[in-house]
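Dear colleague,

Please find below the structure that I am handing over to you. My findings follow directly after it.

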Amino acid sequence: MRAMNPTPTLQELIDQPIEAIIPHRGTMLLLDAVSSFSEETLSARATVRADAWYANAEGAMPAWIGIELMAQAIAAHVALLAMRGGGRARPGVLLGSRSYKALQASFAGGAQLLIHATELLRSEEGHGAYECTIHDGDVCCAEAVIKVFQPADFQSFIEGSFSS
(Lines give C-alpha, C1' and ligand atoms only; values in the text may rest on other atoms or scores of the structure.)
Protein backbone atom coordinates (compact mmCIF):
# COMPACT_ATOMS: atom_id res chain seq x y z
CA MET A 1 0.00 0.00 0.00
CA ARG A 2 1.36 3.44 -0.97
CA ALA A 3 1.67 6.04 1.77
CA MET A 4 -0.28 9.27 1.37
CA ASN A 5 1.90 12.29 0.64
CA PRO A 6 1.11 14.82 3.41
CA THR A 7 2.73 17.67 1.45
CA PRO A 8 0.93 18.36 -1.82
CA THR A 9 2.99 19.00 -4.93
CA LEU A 10 2.75 22.35 -6.70
CA GLN A 11 0.78 20.70 -9.50
CA GLU A 12 -1.67 19.14 -7.02
CA LEU A 13 -2.18 22.57 -5.44
CA ILE A 14 -2.77 24.27 -8.80
CA ASP A 15 -5.08 21.52 -10.08
CA GLN A 16 -7.62 22.02 -7.27
CA PRO A 17 -10.93 23.69 -8.09
CA ILE A 18 -10.71 27.42 -7.37
CA GLU A 19 -13.41 26.97 -4.69
CA ALA A 20 -10.96 24.82 -2.71
CA ILE A 21 -8.42 27.65 -2.77
CA ILE A 22 -10.31 30.90 -2.09
CA PRO A 23 -13.46 31.46 0.00
CA HIS A 24 -15.40 33.46 -2.61
CA ARG A 25 -18.65 31.82 -3.73
CA GLY A 26 -21.53 32.35 -6.08
CA THR A 27 -21.51 35.51 -8.14
CA MET A 28 -18.60 36.94 -6.15
CA LEU A 29 -16.22 34.22 -7.37
CA LEU A 30 -14.58 35.84 -10.40
CA LEU A 31 -11.58 33.55 -11.00
CA ASP A 32 -11.91 30.32 -12.98
CA ALA A 33 -8.64 28.62 -12.04
CA VAL A 34 -5.00 29.06 -11.06
CA SER A 35 -2.63 28.72 -14.03
CA SER A 36 0.73 28.89 -12.24
CA PHE A 37 2.06 29.39 -8.74
CA SER A 38 5.45 29.93 -7.10
CA GLU A 39 6.79 31.37 -3.85
CA GLU A 40 6.42 34.94 -5.15
CA THR A 41 3.95 34.75 -8.06
CA LEU A 42 0.57 33.50 -9.15
CA SER A 43 -1.30 33.62 -12.43
CA ALA A 44 -5.01 32.93 -12.63
CA ARG A 45 -7.64 32.82 -15.37
CA ALA A 46 -11.02 34.53 -15.41
CA THR A 47 -13.74 34.58 -18.06
CA VAL A 48 -15.80 37.72 -18.56
CA ARG A 49 -19.38 36.47 -18.46
CA ALA A 50 -21.84 38.51 -20.50
CA ASP A 51 -24.73 37.43 -18.23
CA ALA A 52 -22.99 38.23 -14.92
CA TRP A 53 -24.17 40.81 -12.39
CA TYR A 54 -21.37 43.18 -13.42
CA ALA A 55 -22.03 43.04 -17.19
CA ASN A 56 -22.97 46.25 -18.96
CA ALA A 57 -25.37 46.41 -21.91
CA GLU A 58 -22.66 45.03 -24.22
CA GLY A 59 -21.90 42.13 -21.85
CA ALA A 60 -18.55 43.62 -20.78
CA MET A 61 -17.02 43.83 -17.30
CA PRO A 62 -16.27 47.41 -16.20
CA ALA A 63 -12.52 47.82 -15.77
CA TRP A 64 -12.89 48.96 -12.15
CA ILE A 65 -13.75 45.35 -11.24
CA GLY A 66 -10.18 44.50 -12.17
CA ILE A 67 -9.12 45.43 -8.65
CA GLU A 68 -11.28 42.57 -7.34
CA LEU A 69 -9.78 40.17 -9.90
CA MET A 70 -6.35 41.17 -8.60
CA ALA A 71 -7.46 40.80 -4.97
CA GLN A 72 -8.77 37.29 -5.65
CA ALA A 73 -5.47 36.33 -7.33
CA ILE A 74 -3.63 37.59 -4.24
CA ALA A 75 -6.00 35.61 -2.00
CA ALA A 76 -5.24 32.50 -4.06
CA HIS A 77 -1.49 33.10 -3.73
CA VAL A 78 -1.68 33.51 0.04
CA ALA A 79 -3.93 30.44 0.34
CA LEU A 80 -1.67 28.24 -1.78
CA LEU A 81 1.39 29.30 0.23
CA ALA A 82 -0.42 28.28 3.42
CA MET A 83 -1.72 25.02 1.89
CA ARG A 84 1.74 24.13 0.62
CA GLY A 85 2.91 24.31 4.24
CA GLY A 86 0.02 22.11 5.41
CA GLY A 87 -2.10 24.97 6.77
CA ARG A 88 -4.96 27.19 5.71
CA ALA A 89 -4.89 30.86 4.84
CA ARG A 90 -6.05 33.38 7.40
CA PRO A 91 -8.74 35.81 6.24
CA GLY A 92 -7.38 39.06 4.91
CA VAL A 93 -8.48 42.44 3.66
CA LEU A 94 -7.69 44.56 0.65
CA LEU A 95 -6.25 47.82 1.94
CA GLY A 96 -6.22 49.50 -1.45
CA SER A 97 -4.03 50.69 -4.24
CA ARG A 98 -2.30 53.97 -4.80
CA SER A 99 -2.37 53.53 -8.55
CA TYR A 100 -4.86 51.24 -10.26
CA LYS A 101 -4.45 51.96 -13.96
CA ALA A 102 -7.11 50.64 -16.33
CA LEU A 103 -5.84 50.84 -19.88
CA GLN A 104 -9.34 50.36 -21.29
CA ALA A 105 -12.83 51.13 -19.98
CA SER A 106 -14.00 47.50 -19.83
CA PHE A 107 -13.09 43.88 -20.46
CA ALA A 108 -15.10 42.47 -23.38
CA GLY A 109 -17.76 39.83 -22.80
CA GLY A 110 -16.28 36.36 -23.35
CA ALA A 111 -12.70 37.58 -22.86
CA GLN A 112 -10.31 35.10 -21.27
CA LEU A 113 -8.30 37.22 -18.85
CA LEU A 114 -4.97 36.32 -17.27
CA ILE A 115 -4.39 37.92 -13.88
CA HIS A 116 -0.80 37.93 -12.68
CA ALA A 117 0.27 38.84 -9.12
CA THR A 118 3.89 39.23 -8.00
CA GLU A 119 4.60 39.61 -4.31
CA LEU A 120 6.68 42.68 -3.49
CA LEU A 121 6.42 42.64 0.31
CA ARG A 122 5.38 40.18 3.02
CA SER A 123 5.77 41.08 6.69
CA GLU A 124 5.47 38.92 9.79
CA GLU A 125 2.67 41.25 10.96
CA GLY A 126 0.56 40.32 7.93
CA HIS A 127 1.13 43.28 5.61
CA GLY A 128 1.70 42.57 1.93
CA ALA A 129 2.04 44.30 -1.40
CA TYR A 130 1.65 42.82 -4.87
CA GLU A 131 2.32 44.12 -8.34
CA CYS A 132 -0.59 42.95 -10.48
CA THR A 133 -1.54 42.97 -14.14
CA ILE A 134 -4.53 41.82 -16.18
CA HIS A 135 -3.98 40.68 -19.76
CA ASP A 136 -6.41 39.80 -22.53
CA GLY A 137 -4.17 37.77 -24.81
CA ASP A 138 -1.01 39.81 -25.36
CA VAL A 139 -2.68 43.09 -24.40
CA CYS A 140 -2.16 44.51 -20.91
CA CYS A 141 -5.56 45.85 -19.81
CA ALA A 142 -4.87 46.94 -16.23
CA GLU A 143 -2.03 47.24 -13.73
CA ALA A 144 -1.66 48.16 -10.08
CA VAL A 145 0.25 47.71 -6.87
CA ILE A 146 -2.24 46.29 -4.37
CA LYS A 147 -1.78 46.43 -0.61
CA VAL A 148 -3.29 43.73 1.62
CA PHE A 149 -3.38 42.83 5.30
CA GLN A 150 -3.87 39.51 7.10
CA PRO A 151 -4.42 40.30 10.77
CA ALA A 152 -3.43 37.64 13.29
CA ASP A 153 -6.92 37.92 14.83
CA PHE A 154 -9.33 38.76 12.01
CA GLN A 155 -12.42 38.95 14.24
CA SER A 156 -10.82 41.47 16.61
CA PHE A 157 -9.54 43.46 13.65
CA ILE A 158 -13.02 43.68 12.11
CA GLU A 159 -14.70 44.50 15.43
CA GLY A 160 -12.05 47.16 16.11
CA SER A 161 -12.68 48.68 12.69
CA PHE A 162 -16.32 49.29 13.56
CA SER A 163 -15.72 50.58 17.07
CA SER A 164 -13.27 53.34 16.16
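The lining of the largest pocket draws at least two residues from each of helix 2, strand 4 (93–97), strand 7, strand 8 and strand 9. Please note that the model is a predicted one. Helix 2 is the main contributor to this lining, with ten residues. In total, 37 residues line the largest pocket, and those nearest its centre are Val 78, Ala 79, Ala 89, Arg 90 and Gln 150. Sorted by class, the lining comprises 20 nonpolar, seven polar and ten charged residues. The space within the largest pocket amounts to about 850 Å³.

I turn next to the nonpolar core. The largest such core has 41 residues, among which Val 34, Leu 69, Phe 107 and Ile 115 touch the most other members. At least two residues of this core come from each of helix 1 (10–14), strand 1 (33–37), strand 2 (41–47), helix 2 (66–84), strand 7 (112–122), strand 8 (127–136) and strand 9 (139–149). Helix 2 supplies the largest share of this core, again ten residues.

For Val 34, the contacts beyond four places in sequence are with Ile 14, Ile 18, Ile 21, Leu 42, Ser 43, Ala 44, Arg 45, Ala 76 and Leu 80.

Two glutamates may also be of interest to you. Glu 119 is part of strand 7. Because its relative accessibility is 14%, under the 20% limit, Glu 119 counts as buried. Its side chain forms a polar contact of 2.7 Å with the side chain of Arg 122, and another, of 3.4 Å, with the side chain of Tyr 130. Apart from neighbours within four places in sequence, Glu 119 is in contact with Glu 39, Glu 40, His 77, Ala 129 and Tyr 130.

Glu 125 is found in the loop between strand 7 and strand 8. Glu 125 counts as exposed because its relative accessible area is 53%, and the limit for that class is over 50%. When neighbours within four places in sequence are set aside, Glu 125 is in contact with Phe 149 and Gln 150. Gln 150 is also one of the residues nearest the centre of the largest pocket. Between the C-alpha atoms of Glu 125 and Leu 80, which are 45 residues apart along the chain, the separation is 19 Å.

With kind regards

Key: Residues numbered from 1 in each chain as written. Predicted model: local features only at pLDDT ≥ 70, side-chain atom pairs only at ≥ 80, totals over all residues. Heavy atoms only, no water. Core = buried A, V, L, I, M, F, W, Y, C linked by side-chain atoms within 4.5 Å. Buried < 20%, exposed > 50% of the residue type's maximum accessible area, 1.4 Å probe, protein only. Helix = DSSP H or I, 4+ residues; strand = E, 2+ residues; numbered from the N terminus. Contact = heavy atoms within 4.5 Å. Polar contact = N/O pair within 3.5 Å; in protein donor to acceptor, adjacent residues only side chain to side chain. 1 Å grid on protein atoms, 1.4 Å probe; cavity = no way out; pocket = protein on both sides within 12 Å on 5 of 7 lines; lining within 4 Å. Points joined across faces, edges and corners; volume = space filled by probe spheres on them. Nonpolar A, V, L, I, M, F, W, Y, C, P; charged D, E, K, R; others polar.
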